[in-house]
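Look over the structure, then follow the dialogue.

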Amino acid sequence: SRESAGGVICIGSPVRSYVEPLQATFEYHNEGYAAAMASGDVLQAALNILVRDGVFLFAGVNLQTTQEKIAETANFMYERKMMISMIVNKCLQQSVLKLIGTDEKPQDFSAEEVSILAKNNSVMRSYNFHKAYMSFMFRLHDDSKHYTEKYLDCIDNTWANLILQHAFQAFYTGLISFW
């Protein structure tokens with residue numbers, strides 16, 4: 001039914017990336033967002049744009065464009081007080097800003113966000129993945145190893161909604177491990 005279309009598209013789009021170019025999934029996530037919003041499913045709408053923004057980073061989209069989309073997503077999450085999604089988005093934002101090489105810094109984690117990071121393995125997994133990935137990109141071997149180990153410690157205790165990113169994260173974590 002139309003009510004579950006946003007969730008189906010959110011989960012199905014990463015699968016499509018195995019048979020189509022990664023960039024082709026952007027439009028699917030936009031359609032998933034629209035379908036979820038039309039049915040009033042704000043959580044699935046948020047997951048669609050959050051996953052889409054993560055794909056931007058790996059698909060080679062212009063970093064300025066990626067940053068703009070991440071900022072739009074952050075506003076969407078903030079307006080709806082979606083704290084866990086905001087933290088995952090902030091991790092992605094930090095990675096993009098570091099790659100851009102800008103002096104702009106994202107807002108530091110609030111006390112509430114730090115508490116969620118400490119208690120929620122899914123969020124901590126995303127945080128450690130982005131730290132490991134950025135360390136790898138900037139050839140910081142010790143940091144890369146440290147954050148990869150922390151990421152692997154979290155992976156057994158994650159909940160399903162954020163596992164959508166796992167295929168990408170598993171590939172890059174494996175790449176980091178061979179380095």
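Just after H3, the residue Gly-60 adopts a positive phi of about 80°. This is a predicted model, in which local features need pLDDT of at least 70 and side-chain atom pairs count only at pLDDT 80 or more, while totals for chains, interfaces and linings use all residues. Residues are numbered from 1 along each chain as its sequence is written, and side-chain values use heavy atoms, with hydrogens and water left out.

Q: How many residues of H3 are buried?
A: Buried means under 20% relative accessible area, exposed over 50%, and partly exposed in between (1.4 Å probe, protein chains only). In H3, 16 of the 18 residues are buried, so the helix is mostly covered.

Q: At what angle do H3 and H5 pack?
A: Two packed helices are described by the angle between their axes and the distance between the axes. Axes are lines fitted to C-alpha atoms, for helices over the stretch in contact, and angles run from 0 to 180 degrees between N-to-C directions. H3 and helix H5 (residues 83-100) pack at about 20°, with axes 11 Å apart. They are therefore roughly parallel (under 35 degrees; over 145 counts as roughly antiparallel). The residues in contact (heavy atoms within 4.5 Å) include Leu-50 and Leu-57 of H3 and Val-88 and Leu-92 of H5.

Q: How do the axes of H2 and H3 cross?
A: The axes of helix H2 (residues 25-38) and H3 cross at roughly 165° and come within 8 Å. That makes H2 roughly antiparallel to H3. Among the contact residues are Phe-26 and Tyr-33 of H2, and Ile-49 and Phe-56 of H3.

Q: Where is Arg-139, and is it buried or exposed?
A: Arg-139 lies in the loop between helix H7 (121-137) and helix H8 (141-154). Arg-139 also has a positive phi of about 55° without being a glycine, and at 53% relative accessibility it counts as exposed.

Conventions: Helix = DSSP H or I, 4+ residues; strand = E, 2+ residues; numbered from the N terminus. Parallel < 35°, antiparallel > 145°, perpendicular 65-115°, else oblique.
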